[in-house]
Amino acid sequence: MLPAPDSLGEGGAPPAPLRHLPGGRSNDERANPTGSFKDRVTSPAVSWARDRGFGTVAVASTGHAAVSTAAYAAAAWAVRHGRGDGYAPS
């Protein structure tokens, strides 16, 4: 039901071995565009809001979610306004 998200290259986090769990692996989410696992959730959420005509998105966060939302909102509205240089009008 979600739209195809605007991607900044998230989701390509390489698996990394876990030192404390032999044979265990976990994704290294620092490879995502903002260095956070929040990018996987923010990308489709911002695309959903843009596609339904919202002009603004907001998030209650003091950390990674806020950075991720700002990055994806800037990219999503730049695309909507015909610019591909990352500029989002205020």
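**View A. Contacts of valine 46 in the predicted model.** Apart from neighbours within four places in sequence, valine 46 is in contact with Thr69, Tyr72, Ala73, Ala76 and Trp77. The coordinates shown here and in the following views belong to a predicted model.

**View B. The largest nonpolar core.** Five residues form this core, namely Val46, Tyr72, Ala73, Ala76 and Trp77. Helix H2, spanning residues 64–80, supplies the largest share of the core, with four residues. In soluble globular proteins, nonpolar side chains tend to be buried together.

View C. Threonine 42 lies in helix H1, which covers residues 39–51. Its relative accessibility is 8%, and threonine 42 therefore counts as buried, the cut-off for this class being under 20%. When neighbours within four places in sequence are left aside, threonine 42 is in contact with Ser68, Thr69 and Tyr72. Of these residues, Thr69 and Tyr72 are also in contact with valine 46.

**View D. The aromatic pair of tryptophan 48 and phenylalanine 54****.** One aromatic pair is present in the structure. The ring centres of tryptophan 48 and phenylalanine 54 are 6.0 Å apart and the ring planes meet at 25°, so the pair is classed as stacked; planes under 30 degrees apart fall into this class.

Methods: Residues are numbered from 1 along each chain as its sequence is written. This is a predicted model: local features need pLDDT of at least 70, side-chain atom pairs count only at pLDDT 80 or more; totals for chains, interfaces and linings use all residues. Side-chain values use heavy atoms; hydrogens and water are left out. A nonpolar core is a set of buried Ala, Val, Leu, Ile, Met, Phe, Trp, Tyr and Cys residues joined through side-chain atoms within 4.5 Å. Buried means under 20% relative accessible area, exposed over 50%, partly exposed in between (1.4 Å probe, protein chains only). Helices (H or I, at least four residues) and strands (E, at least two) are DSSP runs, numbered from the N terminus. Contact means heavy atoms within 4.5 Å. Rings of Phe, Tyr and Trp (its six-membered ring) pair if their centres lie within 6.5 Å; planes under 30 degrees apart count as stacked, over 60 as edge-to-face and the rest as tilted.
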